[in-house]
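Here's a quick tour for anyone opening this entry for the first time. Keep the sequence and the 3D view at hand as you read.

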Amino acid sequence: MMRFLPLVWAALMRKPARAILTLLSVMVAFTLFGLMIGLNATFDLMAEKARADRIYTWPRFGGDGVPVAVARQIETIPGVKAVTALGFIPGYVQDPKNQAFVVMVDQNADKVFGDWQIIPEMWNAVRKDRTGVVMTKAQAQRWNKKVGDTFTIISKQVKRADGKTAWTFKVLAIAEDVPQNSNGFVFGNYDYIDKARPLADQGKVSEIDLLADDPAASTEVARRIDRKFASSATPMQTITEKLARSGNDFGGLDLKKITHGIALAGMFMVLFLTANGIAQSVRERFTEFATLKTIGFSDRAVTAMVVLESALPCILGAGLGVGIAAVLARQIPKLMPPNFGIPLPTISPMVILWAAASAFAVALLSAVLPILRLRQMDIATALSGRT
Amino acid sequence: MLRQIFIVSALNFKSLKGRFWQSMVIVIGLAATVGVMLSMLSMSAGMRDAYVKAGDPNRAIVVSKGADQEGQSSITRAQAPLIADAPGIAKDRNGKPLADRGIQMGLPVLRKDGSKGFTTMRGLSDNVQGVRPELHIVQGRMFQAGKRELITGVGAQAMFQHMQIGDKVILPDGQWPIVGVFASGNLMEGQLMGDTETLAAALHRTAYNTVLVRLASPDSLDTFKKALTTNPALSVTVKRHSDWYKRVGNQNTFTLALLGYIVGAVMAIGALFGCLNTMYAAVSTRAREIATLRALGYGALPVAISVMLEAVLLSVTGALIGAGIAWAAYDGKQDLFNNSVFHLSVSPAQFELGISWAIAVAVLGGLFPSIRAARRPVVEALRAT
């Protein structure tokens with residue numbers, strides 16, 4: 001097929017403007033395609049990495065948190081393996097626009113989150129140094145911090161006993177990010193906020209996370225927790241990590257459906273464009289194709305040439321488009337307003353495969369009609385130019 | 001001149017049939033662009049509508065100074081009577097001011113598809129019907145003051161599980177029955193309501209979130225505002241209820257709208273290249289026709305304008321098709337996002353938006369081809385095959 005390349009190239013370059021505009025249009029559509037399918041890849045990755053045995057529970061009416069005693073009660077529920085209590089410090093860094101979030105963990109955090117990319121030294125560092133935090137690379141980059149720097153978060157929700165709202169920490173270590181949490185996270189020692197808060201707020205936590213003995217029973221364990229506290233002073237809202245990270249739930253929107261729809265609309269748009277381009281190109285060179293057939297080019301050879309001519313801008317455009325999507329995906333945190341709430345697209349091998357498959361599909365579909373026309377052409381009529 | 005434009009354009013449109021599939025590139029490109037964009041914007045537009053309708057220019061909302069959302073606001077029990085006694089508030093038959101001390105909180109719910117979400121639960125004090133006449137019971141009865149019971153909106157009933165009369169809602173220290181269903185034609189329909197004082201006690205709330213008052217007349221806002229802002233015992237912000245909800249609606253739909261516009265813009269760029277491609281092809285197909293016209297004495301401008309008109313006609317046709325599909329598929333459908341229940345909307349304003357994007361793409365995509373058409377030397381074009 002490659003021996004036709006010079007011929008096909010010449011055909012494309014006969015109308016360079018058309019070739020370039022088609023290429024650009026295909027490229028834009030595939031940029032969108034890459035971002036959309038890349039977003040799906042992120043959801044799939046999150047769902048895949050989600051642990052079936054991990055469960056989150058927090059107070060249904062959670063303004064002031066839940067007594068840490070609830071965590072101890074949950075430990076006694078059958079099927080529960082390990083329990084950790086977390087305190088959240090929601091707030092901002094320097095300016096209310098820069099929203100930030102610190103998770104304060106108790107001594108058992110590593111038992112429940114052992115699969116996260118936190119090495120034992122990091123858990124221990126936070127245990128030993130109560131005013132220290134560990135942040136992941138994504139957060140370190142966002143706040144421009146390195147080990148040894150101080151990190152201050154201002155929180156209106158979590159006040160200190162002296163009424164001040166600033167919480168200052170030392171950065172002890174930078175950890176790897178986990179796919180479940182692509183925006184990264186910062187964690188410190190729960191003891192620190194507990195002791196520093198007003199007496200009335202002490203002993204309260206924001207969320208309790210746990211592992212079930214048996215992953216298959218985690219939904220049942222979650223239901224047990226909800227039932228146990230349903231009529232208590234602090235009714236709990238419990239969800240398994242698998243369900244929480246099923247991925248396509250963005251405020252109740254089915255993002256998977258939306259992203260697929262957008263990607264499909266983009267493909268439909270370029271399909272029409274490329275199909276027209278190739279049809280026109282073949283129409284213009286009908287006599288030439290007749291000549292080729294006359295000098296002995298087989299139907300297969302002519303078909304190959306048309307497919308190649310149709311595929312070249314598609315494949316090239318798809319490659320460029322997905323490449324741009326990959327670059328954009330990395331820039332999204334800088335371009336979008338903070339706390340945009342949508343995870344970053346991942347340009348995984350699967351995305352590239354889908355893009356390539358779609359590009360081929362568009363190329364082949366575009367070439368079908370012109371090929372049929374060329375096969376059925378009457379060489380004599382075509383050569384005489386009466387088409 | 002106008003006659004020339006008319007004649008050239010008429011000739012032009014007559015030959016469109018021969019270039020049907022080529023022209024469809026523009027139509028399909030814009031249909032896909034506008035269809036996708038308006039489908040996405042149907043969410044933000046519908047949600048914003050629900051917010052805007054929840055506001056009323058005859059009401060004023062009082063929040064603590066600097067509060068952006070009702071949930072961030074806190075009005076103490078000592079401040080509430082000072083607000084209710086201020087001038088400018090409408091009175092009920094007994095001469096009592098129409099002021100509603102409200103609290104609100106997030107309420108976890110189970111969506112119809114089984115996923116977990118949340119909505120808003122509000123505490124309303126007496127004078128509910130006086131302050132919010134749009135809220136009316138359609139099934140069951142109103143909640144009673146002092147009783148641990150709730151009413152649910154028709155939207156919440158449609159979108160969430162366990163929202164029938166008799167169903168129980170989990171609250172601290174016990175479960176509350178639903179005793180009635182209400183309609184209000186706005187955002188409130190996706191929420192649940194109960195008695196402020198009873199809810200506050202159950203939730204250990206010591207303060208209200210907001211005070212909502214019915215103004216004596218729309219013009220009395222200034223009187224009311226002045227009375228509150230000059231009272232040293234109060235540190236509050238007073239906003240016309242309609243302005244408040246307009247702003248909060250915009251704020252809460254910002255992300256959704258932004259996504260819609262970004263996706264629309266990317267697709268529009270793709271469509272623009274398609275449009276350029278088609279229009280260049282069109283002027284080269286029509287080169288001889290155009291040259292003949294020019295030889296007959298037609299001006300360059302009418303030729304250029306006719307090319308532009310063609311691009312605009314095709315783009316707008318595409319935009320109308322796309323908008324029509326989005327309208328048929330989504331307009332009026334009930335949906336939810338975060339804690340808001342609303343009806344998706346593809347309104348005439350959205351159609352206008354789609355059409356204006358189409359015109360922008362057509363002008364950008366038709367400009368250079370039309371210049372080329374007008375500039376091409378007549379002799380050369382006539383010789384070309």
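Which residue is the bridge partner of B:D335 in β12(B)?

## A hairpin in chain B

That partner is B:F342. Bear in mind that we're looking at a predicted model. Strand β11 (residues 334–337) of chain B and strand β12 (residues 340–343) of chain B run antiparallel, and 4 bridges join them.

The hairpin of β11(B) and β12(B) has 2 residues between the strands, and B:N338 takes a positive phi near 50 degrees there.

## Aromatic rings

Search the whole structure, over all chains, and you get 14 aromatic pairs. One of them is A:F88 with A:F101, a tilted pair at 5.0 Å centre to centre with 50 degrees between the planes. This pair links distant parts of the chain: A:F88 belongs to strand β3 (residues 80–92) of chain A and A:F101 to strand β4 (residues 99–105) of chain A, 13 residues apart. A:F88 is partly exposed at 21% relative accessibility, and A:F101 is partly exposed too, at 37%.

Chain A also has an aromatic cluster, made up of A:F113, A:W116, A:W123, A:F185 and A:F187.

## Charges over rings

In chain A, look for A:R160: its charged end sits over the ring of A:W167, 4.6 Å from the ring's centre. Over in chain B, the charged end of B:R247 sits over the ring of B:W244, 4.9 Å from its centre.

## A nonpolar patch

Back on chain A, the residues A:I324, A:L328 and A:L335 make a nonpolar surface patch of about 240 Å². A:L335 lies in helix α12 (residues 299–335) of chain A. With a relative accessible area of 56%, A:L335 counts as exposed.

Methods: Residues numbered from 1 in each chain as written. Chains lettered and ligands numbered in written order. Predicted model: local features only at pLDDT ≥ 70, side-chain atom pairs only at ≥ 80, totals over all residues. Heavy atoms only, no water. Patch = residues over 30% accessible without salt bridge, like charges linked within 9 Å, V, L, I, M, F, W, Y side chains within 5 Å. Areas by Shrake-Rupley, 256 points an atom, 1.4 Å probe, with all protein chains shown as cover. Salt bridge = Lys/Arg side-chain N within 4 Å of Asp/Glu carboxyl O. Buried < 20%, exposed > 50% of the residue type's maximum accessible area, 1.4 Å probe, protein only. Pairing = 2+ DSSP bridges. Phe/Tyr/Trp six-rings, centres within 6.5 Å; stacked < 30°, edge-to-face > 60°. Lys NZ or Arg CZ within 6 Å of the ring centre and 35° of its normal.
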